[in-house]
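Thanks for coming, everyone. I'll keep this brief. Please look at the sequence and the structure on the screen.

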Amino acid sequence: NITPNLLVVGPSKEADARKLLESEKLYEIVADKTEALSANPYRGTAELLVWNELSGSYAEYWYLFDTTKPIKPFIFQEVKSPDFQAFAEVTNEHVFKNKEFLYGVDSIDNMGYALWQLAYMSDGTA
């Protein structure tokens with residue numbers, strides 16, 4: 001009873017993902033190895049999320065999630081909200097001594113699997 005509704009890809013896969021989810025027709029290879037246009041059965045079946053942070057070896061994968069259930073594939077727990085800090089004042093001792101500005105975030109978070117069955121990763125070959 002799993003109904004995927006979110007497709008996550010990196011920027012390198014965005015064009016293919018949009019074609020898959022938005023095109024009215026797709027080319028398919030028929031029995032005699034010729035291409036024919038047919039109705040796209042995947043059109044509108046999922047929302048597309050292009051995640052710019054997917055890079056390196058993970059950029060070539062497709063990630064499909066079912067987020068329609070009350071329990072999601074992953075759980076994110078925020079213990080302490082992010083506190084952004086900056087040493088960007090010219091009068092700051094660190095800036096004066098090291099000639100560099102510092103920016104940081106202090107937070108406490110945790111993340112883990114909930115229902116891992118609701119997440120699927122593929123390289124597109126299967």
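First, a term. A salt bridge here is a side-chain nitrogen of Lys or Arg within 4 Å of a carboxyl oxygen of Asp or Glu. Now the ground rules. This is a predicted model, where local features need pLDDT of at least 70, side-chain atom pairs count only at pLDDT 80 or more, and totals for chains, interfaces and linings use all residues. Residues are numbered from 1 along each chain as its sequence is written, and side-chain values use heavy atoms, with hydrogens and water left out.

So, salt bridges. How many does a search of the whole structure find? Six. Take Glu93 and Lys97. Their side chains meet in a salt bridge, 2.7 Å from N to O. Both sit in helix α2, residues 93-98, four residues apart, so about one helical turn separates them. Helices (H or I, at least four residues) and strands (E, at least two) are DSSP runs, numbered from the N terminus. Glu93 and Lys97 are both exposed. The cut-offs: buried is under 20% relative accessible area, exposed is over 50%, partly exposed is in between, with a 1.4 Å probe and protein chains only.

Next, helix α1. Glu22 forms a salt bridge with Arg18, with the closest N and O atoms 3.1 Å apart. Glu22 is partly exposed at 44%, and Arg18 is partly exposed at 35%. Glu14 joins Arg18 and Glu22 in a network of salt bridges.

Then a pair that spans the sequence. Lys13 and Glu60 meet through their side chains in a salt bridge, 3.6 Å from N to O. Lys13 is in the loop between β1 and α1, and Glu60 is in the loop between β4 and β5, so the pair ties together parts 47 residues apart in sequence. Buried or exposed: which is Lys13? Buried, at 14%. Glu60 is partly exposed, at 40%.

On to the sheet. It is open, has four strands in the order β4-β1-β5-β8, and the pairing is mixed. Strands pair if DSSP finds at least two bridges between them. β4 and β8 stand at the edges with a single partner each, so one side of each has no neighbour in the sheet. β1, residues 6-9, pairs with β4 in the parallel sense over four bridges. Val9 stands opposite Val50 in β4.

Last, Trp51. It lies in the loop between β4 and β5. Trp51 is partly exposed, at 44%. Trp51 and Glu14 are 37 residues apart in sequence, yet 9.3 Å apart C-alpha to C-alpha.
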